[in-house]
Amino acid sequence: MAARIGWNDMIQGISQGKARVSSHRRRDAFPPNWPMRLVLVALATYVIYATTVIDLSWSRFVIGLDQGARFIARMLPPNMAGDKLDLLFNGMLESLQIAIIATIVGVVLSLPLGLAAARNLSPWPLAWMARTLVVLFRTFHPVIVAILFVKAVGFGALAGMLALVVASVGFLAKLFAEATEEMSMKQVEGVRATGASFLSLVVMAVVPQVMSRFIGFSAYQLDSNLRNSALVGLVGGGGIGATLFTAFQRFDYDFVLTIVLSVIAVIMVGEILSGWMRRLFQ
Amino acid sequence: MEVPASGQPMSAGPNAAPSLVIRNLRKEYRAGEPVLKNVCFEVTGRGMTAIIGPSGTGKSTLIRCINRLVEPTAGEIVFLGRDLATLNRKELRMARRQIGMVFQEYNLVERLSVIENVLCGRLGFVPLWRTWSRRFPAGDIERAFQLLDAVGLSTFATQRADQLSGGQRQRVGIARALMQEPNLLLADEPTSSLDPKTSVEIMELIANRASERNIPVIVNIHNVALAKRFANRIIGMSKGEIVFDGPPTGLEDAHLVEIYGGEDWLE
């Protein structure tokens, strides 16, 4: 009863615009977050400091603009000569092959690795080892991995493909494991109770739950490998990246533009295809 | 055709009544905090045994210890002459094949079709390649359809399980358990997620199918009236121990007070 009176008093107090600060300490719904404020101030200070250190001045920017204009002028019109288009076509084909093969090999390797890394299915020593391996694969950017493979197996498509396989496994195995950990264990329990073997359990209770997400991740990885296959070519991994690098070296900027435009086109088509694939298997 | 898994270890002989003996069963999820303390009971022949008791008293743990979905800490679970608690993985699978289980939330694989879910009851018997390629033996498929006929869901056979209502899903769950041709049926709160009318229908279905097969049923149930109506034996649990064990007619208000505590709710 006493509590109810107190409550009514408070409501009245608020409606009359006089909060009872004297008897109750005013309660703050949004307390100031001092650590966050300090971090933001520090960040702003650092950005200003860094700009002065690297000589980021307006005059330097204007010089850059001038250079850029000449660069663009030399790019136009894009070079569509027959021999150049042959180079473009071959490079692009190699990149597509690198991307597709790397994705397929990556998916095949990631399936067992991802399941082994899922802590709700595999015993902890195995899950721990699988997770360590996945982290190892994710440590370096594909370009650095590609440089390693170029040194290890020599220039060309093989090095690029291996680099993208590593990148794919690092990405897919981690996401496969996470999707598996998020599945419903009730459905697994229902199948386990029938006396199913572990592999039957995977086939009938795990795969149906995670399949559509796995396909989504794989389509996304194909998309990503298409883009990265141009990147690994720049460091000697073959494909369209190699063609692009050569064109830069020879100052064939008009051919560079042709390559850049066709890479954009291919990636857009890839994006549409992978989105369509994800929808299809939802 | 009721062909039990002939030639398999642990199948009941022609005269041996399926029986389950639980001795001194103990389960601790955290050491020193037992959820089940020294549970002993025996189930022989046929008929339904209902386990009642307040939430969190270890009923689900008890029923899951029987087929070791939960590992018991100590004690014996003797089923058809073997102690399930000591079996290795392979032997445990062989034992699980003979124990059908029905769950509170049905535990169907939602993205599989109804008939695939029913056929899951054969996973302990069918080799992996047949499962993978969905080439189940013709006899199994025929039997799965018969079971769907029996639970009134044949027209839904190729629909995905997540398109069914709760009552329909539980019927599929029962069909899956029966597909194993079990010698014992476990049911963990099979009606708790269902409306009163469907609950009665599901209990009837379980009781009838089990008595047709001549196998015992052990069912966890919150609804005392349903338990009294369908079971021929009631086990009352409280705080991890059995405090009542007898026929439904012997279950009086005094027992319910002992099981659930308090008495205001009885009026």
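What share of the 267 residues of chain B counts as buried? The share is 43%, where buried takes 20 or more other C-beta atoms within 10 Å of a residue's own, exposed 12 or fewer, and partly exposed the range in between, with C-beta atoms placed from the backbone. The model is predicted: local features need pLDDT of at least 70, side-chain atom pairs count only at pLDDT 80 or more, and totals for chains, interfaces and linings use all residues. Residues are numbered from 1 along each chain as its sequence is written, while chains are lettered from A and ligands numbered from 1 in the order in which they are written.

**View 1. Chain A is built from helices.** Chain A has eleven helices and zero strands. Both are DSSP runs numbered from the N terminus: helices are H or I with at least four residues, strands E with at least two. The radius of gyration of chain A is 29 Å, well over the 19 Å that the globule rule gives for 282 residues, so chain A is more spread out than a compact globule. That radius is taken over C-alpha atoms, and the rule is 2.2 Å times the number of residues to the power 0.38. The C-alpha trace of chain A spans about 95 × 75 × 35 Å along its principal axes. Buried residues make up 34% of chain A.

View 2. Chain B has nine helices and ten strands. Its radius of gyration is 18 Å, in agreement with the value near 18 Å for a compact globule of 267 residues. Along the principal axes, its C-alpha atoms fill a box of roughly 55 × 40 × 40 Å. Among contacts in chain B between residues at least 6 apart in sequence, 69% join residues at least 24 apart. A contact puts two C-beta atoms, placed from the backbone, within 7 Å.

**View 3. An open sheet of four strands lies in chain B.** The strand order is 2-1-4-5, with antiparallel pairing. Pairing requires at least two DSSP bridges between two strands. Strand 2 (33–44) and strand 5 (82–83) of chain B are the edge strands, and each pairs on one side only. Strand 4 (residues 74–79) of chain B joins strand 5 over two antiparallel bridges. Phe79(B) stands opposite Arg82(B) in strand 5.

**View 4. Helix 6 of chain B is largely enclosed.** Helix 6 (residues 166–179) of chain B has 14 residues and reaches 20 Å from its first C-alpha to its last, close to the expected 20 Å. That expectation is 1.5 Å times one less than the number of residues. Eleven of the 14 residues are buried, so helix 6 of chain B is largely enclosed by the rest of the structure. Among them are Arg169(B), Arg171(B) and Arg176(B). The buried residues pack against strand 6 (99–102), helix 3 (114–119), helix 5 (138–150), strand 7 (184–188) and helix 7 (196–213) of chain B. Just after helix 6, Glu181(B) takes a positive phi of about 50°.

**View 5. The largest nonpolar core has 135 residues**. A nonpolar core is a set of buried Ala, Val, Leu, Ile, Met, Phe, Trp, Tyr and Cys residues joined through C-beta atoms within 7 Å. Ala163(A), Val118(B) and Ile206(B) touch the most other members. Helix 7 (residues 157–181) of chain A gives the most to this core, with 16 residues. Beyond its neighbours within four places in sequence, Val118(B) contacts residues including Leu147(B), Val172(B) and Met179(B).
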